[in-house]
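The following exercises are to be worked with the sequence and the model side by side. Each task is followed by a solution in steps.

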Amino acid sequence: MDREVIHRLAVSRDFLADNCAGGVSLSEVADAATMSPFHFHRLFSQRYGMTPQEFKTQRRLERAKELLLENCLSITEIAFELGYESPATFSTLFRKRFGLNPTEFRFRACRAYALGRIWGHRFIPHCFTTQRYSLPTK
């Protein structure tokens, strides 16, 4: 692949990543790369090892993880914000990708974070947490 094609694919990938929650079509993304949809799909798959739809789904699910960790929106609100028409579809895809449904992911992530904050300092001996000893200066 020549540099110009690689650059156009990168521009279209960034366009797709920025608009992954919206209803952007393959032809719109191909237009961003100034290619036909068929040619774009073939070259995108060859360059990135996944189809544009797989890339879009991957970006949406990674964004879902971020929203779940913020813990301010419900699962349904996150599903609709990411452009899914059904929370069930969102949950199924999330479980298939990460091995947990969104609720379990949120619970485990919050629990792991809380345990780290509560227990992290209790396993460090006190002598390592104070600055009583200083290194000799030359």
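This is a predicted model: local features need pLDDT of at least 70, side-chain atom pairs count only at pLDDT 80 or more; totals for chains, interfaces and linings use all residues.

**Exercise 1: The packing of two helices**

Task: Describe how helix α1 (residues 3–18) and helix α4 (residues 52–70) cross.

Solution. 
- Step 1. Two packed helices are described by the distance between their axes and the angle between them.
- Step 2. The axes of α1 and α4 come within 9 Å and cross at roughly 45 degrees.
- Step 3. α1 is therefore oblique to α4.
- Step 4. The crossing in which α1 passes α4 is right-handed.
- Step 5. On the α1 side, R13, L16 and A17 take part; they meet P52, F55, K56 and R59 in α4.

**Exercise 2: Aromatic rings**

Task: Determine how many aromatic pairs there are, and classify the pair of Y84 and F90.

Solution. 
- Step 1. Ring centres must lie within 6.5 Å for a pair to count. By this rule there are seven aromatic pairs.
- Step 2. The ring centres of Y84 and F90 are 5.5 Å apart and the ring planes stand at 45 degrees, so this pair is tilted.
- Step 3. Y84 has 7% relative accessibility and therefore counts as buried. F90, at a relative accessible area of 0%, is buried.
- Step 4. For F94 and F105, the ring centres are 5.5 Å apart and the planes stand at 70 degrees, so this pair is edge-to-face.
- Step 5. F94 is in helix α6 (residues 87–98) and F105 in helix α7 (residues 102–119), so their pair ties together parts that are eleven residues apart in sequence.
- Step 6. F94 is buried, at a relative accessible area of 0%; F105 has 14% relative accessibility and therefore counts as buried.
- Step 7. Y84, F90, F94, F98 and F105 form one aromatic cluster.
- Step 8. A charge is also placed at Y84: the charged end of R60 sits over the ring of Y84, 4.0 Å from the ring centre.

**Exercise 3: A loop residue**

Task: Is S74 buried, partly exposed or exposed, and between which helices does its loop lie?

Solution. 
- Step 1. The loop that holds S74 lies between α4 and α5 (75–81).
- Step 2. The relative accessible area of S74 is 34%, so S74 is partly exposed.
- Step 3. T103 is 29 residues from S74 along the chain, and the C-alpha atoms of S74 and T103 are separated by 9.3 Å.

**Exercise 4: The chain as a whole**

Solution.

Technical notes:
Residues are numbered from 1 along each chain as its sequence is written. Side-chain values use heavy atoms; hydrogens and water are left out. Rings of Phe, Tyr and Trp (its six-membered ring) pair if their centres lie within 6.5 Å; planes under 30 degrees apart count as stacked, over 60 as edge-to-face and the rest as tilted. Buried means under 20% relative accessible area, exposed over 50%, partly exposed in between (1.4 Å probe, protein chains only). Helices (H or I, at least four residues) and strands (E, at least two) are DSSP runs, numbered from the N terminus. A charge sits over a ring if NZ of Lys or CZ of Arg is within 6 Å of the ring centre and within 35 degrees of the ring normal. Axes are lines fitted to C-alpha atoms, for helices over the stretch in contact, and angles run from 0 to 180 degrees between N-to-C directions. Angles under 35 degrees count as roughly parallel, over 145 as roughly antiparallel, 65 to 115 as roughly perpendicular and the rest as oblique. A crossing is left-handed if the near helix is turned anticlockwise from the far one by less than a right angle, and right-handed if clockwise. Contact means heavy atoms within 4.5 Å.
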